[in-house]
Each structure stands twice: as C-alpha cells, then as structure tokens.
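Please look over the sequence and the model shown here before reading on. The report is meant for a reader who meets this structure for the first time.

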Amino acid sequence: MAAVSQHDLSQFTTIDESSLERLEVVGRGTFGTVYKARMHDKTVAVKSYDAESEFKAFTVEVRQLSRVNHPNIIKLYGACASEQPCLVMEYAENGSLHRMLHGKPKIKYSASHAMSWARQCAEGTAYLHAMTPKPLIHRDLKPPNLLLVNSGRTLKICDFGTVVDKSTLMTNNKGSAAWMAPEVFEGYSYTEKCDVFSWAIILWEVIARRQPYKEFGIAYSIMWRVHMGDRPPAIKNCPKPIHKLMTTCWDSTPSNRPSMEEVVTIMNALCSFFP
Ligand code: ACK
C-alpha cells in the first residue's frame with residue numbers, strides 16, 4: 001500500500017508505529033482491522049487499514065475524527081503514516097453495542113439503559129449534524145459502530161470511514177442494509193436525515209432486543225422490503241410516544257423525519273420517565 005504522506009496527516013498528531021505494542025485483534029470495522037494495543041502506559045485501540053482499497057476510508061476517517069470533540073464520539077489520539085496506515089483511538093473496554101445486545105451469553109439490561117444508549121447516539125449524531133461550516137453525515141450508524149465504556153453506561157460513535165460533509169453528492173451505497181434509509185440505496189442524493197432513519201432502527205433494536213430483519217436474509221431482500229415500505233414490527237407494550245418517535249424517524253419521506261436535534265429534545269423528555 002502506498003504510504004500516507006506527511007502532507008495528508010499534517011493536521012493531526014502523527015504517532016510513531018514503534019511506540020505501539022499491538023496486543024490482540026478485537027474485530028473488524030466496515031474498513032480496517034481493530035487491535036487492542038499499548039501506547040506508553042495507555043491502552044488504546046489501533047485500526048489498521050490492510051488493503052489499498054481501504055486507503056480512502058483511512059484518510060476520510062482521520063480527517064473527520066480529528067475535527068470532532070464530543071463525549072459521545074470516540075476520541076482520536078493520532079495516526080501513523082507508515083507503509084500500513086493506522087489510526088490510534090480511545091479504547092472502548094466494553095466493546096460494541098451490538099455485542100451488548102446480541103452477544104452470548106445474553107446480558108440483561110434495563111429499559112433506562114436502552115433509552116440512554118439511544119439518547120447518547122442521538123446526541124453524538126446531532127453534534128455531527130451541527131458541525132460548521134458543513135454538517136457531517138455519518139452514513140453508517142448501527143450497533144457495531146457504537147462503542148461502550150464506563151461499564152457500558154457511556155456510548156461513543158465510531159467508524160468514521162463513511163462520514164461525508166453535506167456538500168459531497170452522495171449517491172453510492174455506503175452503510176449497511178438493515179439500517180440504511182431507502183433514499184440511499186435507491187440512489188437518490190441524501191441528507192443528514194439518512195442518519196435519523198438509521199437511528200430509528202437502532203432505537204427499535206435496543207428496545208426489542210432483536211436484530212432488525214433477521215428473517216429477510218441477504219442485503220438485497222432487506223432493501224427490497226424496505227423500499228416496499230416494510231419496517232421492523234411494532235414492539236409489544238412499547239410506550240406510545242416511543243413508538244411514534246420511531247415510526248416518524250423511519251418515514252420513507254426524509255422531510256417527514258424530525259431533525260436529530262429535535263430527536264435529542266424528545267429523547268431528553270422521554271428519558272426522564274426511565275430513571
Ligand atoms: O464488539 P466489538 O468487540 O467492538 O467488535 C467491534 C470491532 O472492533 C469492529 O468495529 C471493536 N472496536 C472498534 N473500535 C474499538 C475501540 N476503539 N475500542 C475497542 N473496541 C473497538 C468493536
């Protein structure tokens with residue numbers, strides 16, 4: 001792979017590969033392999049980009065992550081500009097929300113935890129959408145990209161390889177079918193409202209404790225069903241305001257969905273009922 005030039009990394013802290021001691025692989029993101037590592041006295045996560053095809057995602061991820069600073073977004077410490085580029089970020093000791101929701105053995109959690117994760121995801125995303133001069137759109141919000149720290153209480157959005165600013169014309173299929181807004185895979189240009197759609201599926205998932213559309217199988221059948229108007233089934237005993245929020249946020253028409261800022265306001269009010 002072509003080495004990343006110092007020019008590409010000029011705005012970020014560059015980290016010398018020799019200061020990293022890789023301990024174990026913890027998983028694979030949409031792009032790159034993630035390792036647990038030591039950097040001096042600190043435990044960090046190192047994301048290595050293995051293939052030339054992932055190089056663009058690396059530069060996107062480093063550029064976007066270095067611009068953001070929010071308690072619900074994973075912190076970037078720096079990047080290595082070596083033959084095999086990598087980025088060094090905060091280590092999330094409690095793994096992903098996906099593992100928390102669907103890992104084995106099943107972990108019990110309360111409705112207030114579920115609501116708090118969804119609220120924190122909304123807070124981090126609303127921050128991205130409020131970035132100036134242009135909103136940032138994550139485009140791949142889903143539980144594997146939501147990490148947990150602080151004994152699972154604090155949620156942090158990661159995997160910024162697909163983030164774009166709003167001026168970029170976006171008609172390609174980034175993201176993952178079950179959380180993807182229909183306008184994205186239908187090939188229309190899309191806005192930050194695509195993140196609101198993904199967020200609604202996440203809200204359903206944390207409350208239902210099920211994986212969305214598991215029964216539909218492959219990505220194409222999910223896209224077809226969502227295009228035809230299918231959505232995850234109503235959750236038994238789900239409080240009406242939560243059901244209403246979910247269904248408005250996954251409306252087929254993006255302009256009918258609330259903004260992420262409005263979602264945060266609604267979630268703050270709803271969370272007060274789940275102490
Ligand atoms: O559920 P996990 O262990 O948590 O598996 C996924 C995998 O890598 C692909 O994203 C894990 N992961 C990603 N970034 C980090 C991080 N900063 N700290 C700890 N684990 C991470 C994630």
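What follows describes the chain as a whole, then its domains, then a group of strands, and finally the surroundings of the ligand.

The model is predicted, and its chain holds eight helices and nine strands. Along the principal axes, the C-alpha trace of the chain spans about 55 × 40 × 35 Å. The radius of gyration of the chain is 18 Å, which agrees with a compact globule, because a globule of 275 residues would have a value near 19 Å. Of the 275 residues in the chain, 42% are buried. Among the contacts in the chain with a separation of 6 or more, 65% are made by residues 24 or more positions apart.

The domain assignment of the chain gives domain 1, residues 17–90, and domain 2, residues 95–272. The centres of domain 1 and domain 2, taken over C-alpha atoms, are separated by 24 Å. Where the two domains meet, 13 residues of domain 1 are in contact with 17 residues of domain 2, and the side of domain 1 that touches domain 2 consists of seven nonpolar, five polar and one charged residue.

| Strand pair | Direction | Bridges | Residues standing opposite |
|---|---|---|---|
| β1 and β2 | antiparallel | seven bridges | V25 and Y35 |
| β2 and β3 | antiparallel | seven bridges | K36 and A45 |

In residue numbers, β2 covers 33–39, while β3 covers 42–48. The strands β2 and β3 form a hairpin with two residues between them, and H40 in the turn of this hairpin has a positive phi of about 55 degrees.

Which residues come nearest to the ligand? Of the 18 residues around the ligand, those that come nearest are G27, A45, A92, G95 and S96. The elements that each give two or more residues to this shell are β1 (20–28), β5 (86–90) and α2 (97–102), and the largest share, three residues, comes from β1. A45, one of the residues that come nearest to the ligand, is also the residue of β3 that stands opposite K36. By class, the shell around the ligand is made up of 10 nonpolar, five polar and three charged residues. Both domains take part in the shell, as domain 1 and domain 2 each provide at least three of its residues.

Technical notes. Residues numbered from 1 in each chain as written. Predicted model: local features only at pLDDT ≥ 70, side-chain atom pairs only at ≥ 80, totals over all residues. Near = placed C-beta within 6 Å. Helix = DSSP H or I, 4+ residues; strand = E, 2+ residues; numbered from the N terminus. Nonpolar A, V, L, I, M, F, W, Y, C, P; charged D, E, K, R; others polar. Domains from an automatic or database assignment. Pairing = 2+ DSSP bridges. Rg over C-alpha atoms; globule rule 2.2 N^0.38 Å. Buried ≥ 20, exposed ≤ 12 C-beta atoms within 10 Å, placed from the backbone. Contact = placed C-beta atoms within 7 Å.
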